[in-house]
Amino acid sequence: SISLKSINAIKKIINNCKKVKKLISKSKNVKSICNKIDKNIIDSPPINLSKGGFIKNGISKKLDELRLISNNANQWLVDYQLSQKEVTGITSLKIGYNKVFGYYIDITKTHLDKVPDNYIRKQTLTNSERYFTEELKEYEEKILSSFDQILIIEKQIFEKLIKDILDKVKEIQFNANIIGEIDIYFSHAKTAFKNNFYKPIISEKSSKIKLKNSRHPVVEVLLPENEKFITNDLELDNKKKQIAIITGPNMAGKSTFLRQIGLIAILCQIGSFVPSEKSEISIIDQLFTRVGASDNLVGGESTFLVEMNEAANILNNATSKSLIILDEIGRGTSTFDGLSLAWSITEYLHNNKLIKAKTLFATHYHELIALADELKDAFNLNIGVEEYDDEIIFLRKIKKGGANKSYGINVAKMAGLPAYVTKRANKLLLQFTNQKNELQNESIVLQEEIFNNSEHIIDELKNIDLDTLSPLDALNKLNNLKKQLES
């Protein structure tokens, strides 16, 4: 009833919103059924109705009497015990209860000569006798049956109320739909106001997605207070800017950028304002994504097969009104296989006139940069990175053109890989990129260097923190280094 009556509260606070006023004016009068609900049901009813206690007092005289008996049972028993002590003069007299014998009067055998004639023996124990009286038995029946009767009466009242509600179900559902629609408006408005969202321009005729200073609506609110989210622009179009090939190192922000575009598209389609200062967004019939790495081992599907299944779904179902987000394709197989698939999929999305969907494709295959230059409706983007003293700084800014380096070894170093591994990887990278010797001969030399090179031991010694190292840890570390030298 509180939800249904909220329409009246909304009427009082709505002044300038003509659409909401017009919507509320269509609402049906359900005041009578709301009053019935308020009259019969307590304000905070229990979740489990099988235990009763949800019907208000004053609705049924019989219910009130039974509740009085049930609620006052303990006090009645205390009073009755006191009265029987006075009558019999037995100060140790007690009234108890068990599920088998019900309520009883317990009297020790030293006081059996004081037992009144109206006491009826119920049970004999080693040190006491248990009795009952007609009065106690009568009240016991009232107490034990009162709860069952309470549940029956409450259920009858509730079922009658349900019938009355069902008689008004059309009006209730009509008003519920109005409240739901108003809730959508206010929820979107609150979200937009709280998170600084802006009104997008939506056009059925346009095929563009054009964003100015766009942001990720979730990531930006999770950032530390002293860290500002870096905004980015984007322009996609089915004609000249259909496919964006996005390159750049891991951790630079490619995935965040892809997901924020997807979320902005969804927010726009559901009628929400979006985290982008200026935005022109076309109608999108489907949002396709190929992101992350997962498998389906129970179904016999490897990570790569799952990836290919997702790619196949996209290529078989996308249309020119779709938005496709690809976060890596072909990484689960050999380099040349993966590159060939990524290249071919990109060409297919570009050349197939039945699809021609707007596409964002983040990849580590730098060879695709050249493909984007070849395809007339494709273009390159990259995540800005700066190098300083052999370190990299992620600018989180999307720029035109392709990335010239992957920075994979730098990221590995940031992740905490041992210094030897990253230094060795740098040397190998130079060899692999500058030399074209036969891989078989090269691998023999590399393996010999790996097992004979002791530079990593020096690096490990340099990185030991003597202030925090316990004596036992020091011995273990020394033993480990010794084994490495001996191997």
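A residue is called buried when its relative accessible area is under 20%, exposed when that area is over 50%, and partly exposed in between, with a 1.4 Å probe and protein chains only. By this definition, buried residues make up 37% of the 487 residues in the protein chain. The structure is a predicted model, in which local features need pLDDT of at least 70 and side-chain atom pairs count only at pLDDT 80 or more, whereas totals for chains, interfaces and linings use all residues. Residues are numbered from 1 along each chain as its sequence is written, and side-chain values use heavy atoms, with hydrogens and water left out.

The protein chain contains 17 helices and 14 strands, these being DSSP runs numbered from the N terminus (H or I of at least four residues for helices, E of at least two for strands). The C-alpha trace spans about 115 × 75 × 45 Å along the principal axes of the chain. With contact meaning heavy atoms within 4.5 Å, residues 24 or more positions apart account for 63% of the contacts that have a separation of 6 or more.

The accessible surface of the protein chain, computed by the Shrake-Rupley method with a 1.4 Å probe, comes to about 30300 Å², and carbon and sulfur atoms contribute 55% of it. There are 68 positive and 61 negative side chains, and the centres of the two sets lie 10 Å apart. In this count Lys and Arg are positive and Asp and Glu negative, while His and the chain ends are not counted; each charge is placed at NZ of Lys, CZ of Arg, CG of Asp or CD of Glu.

Ser214 belongs to strand E6, which covers residues 208–214, and it counts as buried because its relative accessibility is 0%. The side chain of Ser214 reaches the backbone oxygen of Asn232 at 2.7 Å.

Most residues other than glycine have a negative phi. Glu328, although not a glycine, has a positive phi of about 80 degrees, and it is found in the loop between strand E11 (323–327) and helix H11 (335–351). Glu328 counts as buried because its relative accessibility is 11%, and, residues up to four places away in sequence not being counted, it touches Arg290, Glu307, Phe361, Ala362, Thr363 and His364. Lys356 likewise has a positive phi, near 45 degrees, and its place is in the loop between H11 and strand E12 (358–362); with a relative accessible area of 15%, Lys356 is buried.

Glu310 is placed in helix H10, residues 303–317, and counts as partly exposed at 26% relative accessibility. Leaving aside neighbours within four places in sequence, Glu310 is in contact with Arg290 and Val291. The C-alpha atoms of Glu310 and Leu151 are separated by 55 Å, the two residues being 159 apart along the chain.

Asp43 lies in the loop between helix H3 (31–40) and helix H4 (61–71), and at 70% relative accessibility it counts as exposed. Asp43 and Thr88 are 45 residues apart in sequence, and their C-alpha atoms are 48 Å apart in space.

Note on methods
A polar contact is a pair of N or O atoms within 3.5 Å; within protein, one must be able to donate a hydrogen and the other to accept it, and residues adjacent in sequence count only if both atoms are side-chain atoms.
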